[in-house]
Amino acid sequence: MTRVAKIVTSLKVLGAACLMVGSASVFAADEPAKAAPAADVAKQAIAVRKAAFTLIANNFKPIGEVLQGKAPYNQAEIVKRAQRVAFLSELLDGTFPAASNVGAPQTKTKAEAFTKKEDFDKLLKEFVANSKTLAQVAAKESTASDAFKNAAKAVAEGCKGCHDKYKEK
(Lines give C-alpha, C1' and ligand atoms only; values in the text may rest on other atoms or scores of the structure.)
Protein backbone atom coordinates (compact mmCIF):
# COMPACT_ATOMS: atom_id res chain seq x y z
CA MET A 1 0.00 0.00 0.00
CA THR A 2 1.42 3.39 -0.94
CA ARG A 3 1.98 6.13 1.61
CA VAL A 4 -0.88 8.16 0.12
CA ALA A 5 -3.23 5.17 0.25
CA LYS A 6 -2.29 4.62 3.90
CA ILE A 7 -3.00 8.25 4.69
CA VAL A 8 -6.36 8.12 2.90
CA THR A 9 -7.28 4.92 4.76
CA SER A 10 -6.21 6.48 8.07
CA LEU A 11 -8.31 9.57 7.37
CA LYS A 12 -11.35 7.42 6.56
CA VAL A 13 -10.94 5.47 9.80
CA LEU A 14 -10.38 8.69 11.76
CA GLY A 15 -13.46 10.24 10.17
CA ALA A 16 -15.55 7.19 11.03
CA ALA A 17 -14.25 7.29 14.60
CA CYS A 18 -15.07 11.00 14.92
CA LEU A 19 -18.56 10.39 13.58
CA MET A 20 -19.01 7.53 16.01
CA VAL A 21 -17.79 9.51 19.02
CA GLY A 22 -19.85 12.57 18.11
CA SER A 23 -22.98 10.56 17.44
CA ALA A 24 -22.58 8.37 20.50
CA SER A 25 -23.70 11.24 22.73
CA VAL A 26 -27.30 10.40 21.85
CA PHE A 27 -26.85 6.98 23.43
CA ALA A 28 -24.56 7.97 26.29
CA ALA A 29 -26.33 11.02 27.73
CA ASP A 30 -27.28 10.55 31.37
CA GLU A 31 -30.19 12.97 31.20
CA PRO A 32 -31.02 14.24 27.73
CA ALA A 33 -32.48 17.75 27.70
CA LYS A 34 -35.35 16.54 25.57
CA ALA A 35 -36.10 13.44 23.55
CA ALA A 36 -34.73 13.53 20.03
CA PRO A 37 -37.22 12.93 17.21
CA ALA A 38 -37.32 9.31 16.06
CA ALA A 39 -35.82 10.22 12.67
CA ASP A 40 -32.80 11.81 14.39
CA VAL A 41 -32.38 8.82 16.69
CA ALA A 42 -32.55 6.47 13.71
CA LYS A 43 -30.09 8.50 11.66
CA GLN A 44 -27.57 8.70 14.50
CA ALA A 45 -27.96 5.04 15.47
CA ILE A 46 -27.35 3.95 11.88
CA ALA A 47 -24.34 6.26 11.55
CA VAL A 48 -22.80 4.98 14.78
CA ARG A 49 -23.27 1.32 13.97
CA LYS A 50 -21.99 1.75 10.41
CA ALA A 51 -18.88 3.48 11.76
CA ALA A 52 -18.37 0.81 14.43
CA PHE A 53 -18.79 -2.05 11.95
CA THR A 54 -16.40 -0.39 9.51
CA LEU A 55 -13.76 -0.06 12.21
CA ILE A 56 -14.37 -3.62 13.42
CA ALA A 57 -13.97 -4.97 9.88
CA ASN A 58 -10.80 -2.96 9.29
CA ASN A 59 -9.29 -4.21 12.53
CA PHE A 60 -10.36 -7.84 12.10
CA LYS A 61 -9.02 -8.07 8.55
CA PRO A 62 -5.36 -8.70 9.59
CA ILE A 63 -6.57 -11.34 12.05
CA GLY A 64 -8.53 -13.03 9.26
CA GLU A 65 -5.47 -12.93 7.03
CA VAL A 66 -3.47 -14.79 9.70
CA LEU A 67 -6.30 -17.31 10.04
CA GLN A 68 -6.26 -17.91 6.27
CA GLY A 69 -2.49 -18.27 6.19
CA LYS A 70 -2.10 -15.09 4.11
CA ALA A 71 -0.06 -13.24 6.74
CA PRO A 72 2.39 -14.18 9.48
CA TYR A 73 1.36 -14.07 13.12
CA ASN A 74 2.72 -10.91 14.73
CA GLN A 75 1.60 -11.02 18.34
CA ALA A 76 1.86 -7.28 18.99
CA GLU A 77 -0.20 -6.48 15.91
CA ILE A 78 -2.78 -9.20 16.60
CA VAL A 79 -3.17 -8.13 20.23
CA LYS A 80 -3.68 -4.51 19.17
CA ARG A 81 -6.26 -5.47 16.56
CA ALA A 82 -8.09 -7.93 18.82
CA GLN A 83 -8.28 -5.36 21.63
CA ARG A 84 -9.73 -2.83 19.23
CA VAL A 85 -12.35 -5.29 17.98
CA ALA A 86 -13.31 -6.11 21.59
CA PHE A 87 -13.61 -2.42 22.48
CA LEU A 88 -15.53 -1.51 19.34
CA SER A 89 -17.92 -4.43 19.74
CA GLU A 90 -19.10 -2.96 23.03
CA LEU A 91 -20.02 0.30 21.30
CA LEU A 92 -22.76 -1.52 19.36
CA ASP A 93 -25.00 -1.71 22.43
CA GLY A 94 -27.93 0.61 21.88
CA THR A 95 -27.29 1.19 18.18
CA PHE A 96 -30.29 -0.84 17.02
CA PRO A 97 -33.25 1.06 18.50
CA ALA A 98 -36.66 0.31 16.99
CA ALA A 99 -36.65 3.74 15.36
CA SER A 100 -33.72 2.63 13.18
CA ASN A 101 -35.79 -0.09 11.50
CA VAL A 102 -35.97 1.96 8.31
CA GLY A 103 -34.64 -0.47 5.69
CA ALA A 104 -32.73 0.28 2.52
CA PRO A 105 -31.12 2.45 1.38
CA GLN A 106 -30.29 3.88 4.83
CA THR A 107 -29.38 0.51 6.33
CA LYS A 108 -28.87 -3.10 5.31
CA THR A 109 -30.30 -4.34 8.60
CA LYS A 110 -33.26 -6.61 7.91
CA ALA A 111 -36.55 -6.00 9.70
CA GLU A 112 -36.09 -9.41 11.36
CA ALA A 113 -33.36 -7.89 13.57
CA PHE A 114 -36.14 -5.90 15.20
CA THR A 115 -38.97 -8.44 15.06
CA LYS A 116 -36.69 -11.20 16.42
CA LYS A 117 -34.93 -8.84 18.83
CA GLU A 118 -34.23 -11.47 21.47
CA ASP A 119 -32.29 -13.66 19.04
CA PHE A 120 -30.54 -10.66 17.48
CA ASP A 121 -29.48 -9.34 20.91
CA LYS A 122 -28.24 -12.82 21.87
CA LEU A 123 -26.04 -12.96 18.76
CA LEU A 124 -24.72 -9.48 19.44
CA LYS A 125 -23.86 -10.39 23.05
CA GLU A 126 -22.09 -13.55 21.85
CA PHE A 127 -20.10 -11.42 19.40
CA VAL A 128 -19.01 -9.10 22.22
CA ALA A 129 -18.06 -12.06 24.44
CA ASN A 130 -16.17 -13.81 21.62
CA SER A 131 -14.33 -10.57 20.80
CA LYS A 132 -13.24 -10.22 24.42
CA THR A 133 -12.10 -13.84 24.47
CA LEU A 134 -10.07 -13.29 21.31
CA ALA A 135 -8.32 -10.30 22.88
CA GLN A 136 -7.49 -12.36 25.98
CA VAL A 137 -6.22 -15.32 23.96
CA ALA A 138 -4.16 -13.11 21.65
CA ALA A 139 -2.44 -11.55 24.67
CA LYS A 140 -1.33 -15.01 25.83
CA GLU A 141 -0.41 -16.63 22.53
CA SER A 142 2.90 -15.90 20.79
CA THR A 143 1.97 -18.00 17.75
CA ALA A 144 -1.09 -18.73 15.65
CA SER A 145 -1.98 -21.52 18.05
CA ASP A 146 -5.13 -23.61 18.03
CA ALA A 147 -6.45 -21.46 20.88
CA PHE A 148 -5.94 -18.31 18.79
CA LYS A 149 -7.46 -19.89 15.70
CA ASN A 150 -10.51 -21.12 17.63
CA ALA A 151 -11.07 -17.72 19.24
CA ALA A 152 -10.66 -15.88 15.93
CA LYS A 153 -12.97 -18.34 14.15
CA ALA A 154 -15.63 -17.80 16.82
CA VAL A 155 -15.58 -14.06 16.10
CA ALA A 156 -15.63 -14.60 12.32
CA GLU A 157 -18.45 -17.15 12.56
CA GLY A 158 -20.40 -14.77 14.80
CA CYS A 159 -20.14 -12.07 12.14
CA LYS A 160 -21.22 -14.45 9.40
CA GLY A 161 -24.06 -15.94 11.42
CA CYS A 162 -25.55 -12.55 12.21
CA HIS A 163 -25.03 -11.26 8.66
CA ASP A 164 -26.68 -14.35 7.18
CA LYS A 165 -29.77 -13.84 9.34
CA TYR A 166 -30.05 -10.11 9.76
CA LYS A 167 -28.20 -8.26 6.98
CA GLU A 168 -29.43 -7.67 3.46
CA LYS A 169 -26.97 -8.84 0.83
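This is a predicted model: local features need pLDDT of at least 70, side-chain atom pairs count only at pLDDT 80 or more; totals for chains, interfaces and linings use all residues.

Me: Let's begin with α6 and α7. At what angle do they pack, and how far apart are the axes?

Reply: The packing angle between α6 and α7 is about 160°, and their axes lie 9 Å apart. The two helices are therefore roughly antiparallel to each other, since angles over 145 degrees are classed that way. In passing α7, α6 makes a left-handed crossing.

Me: Which residues make that contact?

Reply: From α6 the contact takes in Asp119, Phe120, Leu123, Phe127, Asn130, Ser131, Leu134 and Val137, while α7 contributes Ala147, Phe148, Ala151, Ala152, Ala154, Val155, Cys159, Cys162, Lys165 and Tyr166. Sorted by class, the residues of this contact are 14 nonpolar, two polar and two charged.

Me: And how do α4 and α6 cross?

Reply: Helix α4, which covers residues 75-90, comes within 8 Å of α6 when the axes are compared, and the two cross at roughly 160°. That angle makes α4 roughly antiparallel to α6, and the crossing of this pair is left-handed.

Me: Who is in the contact there, and how many of the residues are nonpolar, polar or charged?

Reply: On the α4 side there are Gln75, Ile78, Val79, Ala82, Gln83, Val85, Ala86, Ser89 and Glu90, and on the α6 side Phe127, Val128, Ser131, Lys132, Leu134, Ala135, Ala138, Ala139 and Lys140. The contact of α4 with α6 has 11 nonpolar residues, four polar ones and three charged ones.

Me: What about α3 against α7, at what angle do they pack?

Reply: α3 and α7 pack at about 125°, with 10 Å between their axes. That angle makes α3 oblique to α7. The crossing of α3 and α7 is left-handed. Phe60, Ile63, Val66 and Leu67 of α3 meet Phe148, Lys149, Ala152, Lys153, Val155 and Ala156 of α7, and by class this contact has eight nonpolar, no polar and two charged residues.

Me: Switching to pockets, how much space lies in the largest one, and which residues are nearest its centre?

Reply: The largest pocket holds about 650 Å³ of space. Its lining consists of 27 residues, and nearest the centre are Arg49, Phe53, Cys159, His163 and Lys167.

Me: Which helices supply the lining, and which one gives the largest share?

Reply: At least two lining residues come from each of α3 (38-67), α6 (117-140) and α7 (146-166), and the largest share, eight residues, comes from α3.

Me: What is the lining like by class?

Reply: The lining of the largest pocket is made up of 16 nonpolar, six polar and five charged residues.

Me: One last topic: where is the cis peptide bond, and what is its omega?

Reply: The cis peptide bond joins alanine 104 and proline 105, with omega about 5°. Proline 105 sits in the loop between α4 and α5, the latter covering 112-115.

Technical notes:
Residues are numbered from 1 along each chain as its sequence is written. Side-chain values use heavy atoms; hydrogens and water are left out. On a 1 Å grid over the protein atoms alone, a cavity is a set of points where a 1.4 Å probe fits but cannot get out, and a pocket is an open set with protein on both sides within 12 Å along at least five of seven lines; lining residues have an atom within 4 Å of a point. Grid points are joined across faces, edges and corners, and a volume is the space filled by probe spheres set on the points. Helices (H or I, at least four residues) and strands (E, at least two) are DSSP runs, numbered from the N terminus. Ala, Val, Leu, Ile, Met, Phe, Trp, Tyr, Cys and Pro count as nonpolar, Asp, Glu, Lys and Arg as charged, and the others, Gly among them, as polar. Axes are lines fitted to C-alpha atoms, for helices over the stretch in contact, and angles run from 0 to 180 degrees between N-to-C directions. Angles under 35 degrees count as roughly parallel, over 145 as roughly antiparallel, 65 to 115 as roughly perpendicular and the rest as oblique. A crossing is left-handed if the near helix is turned anticlockwise from the far one by less than a right angle, and right-handed if clockwise. Contact means heavy atoms within 4.5 Å.
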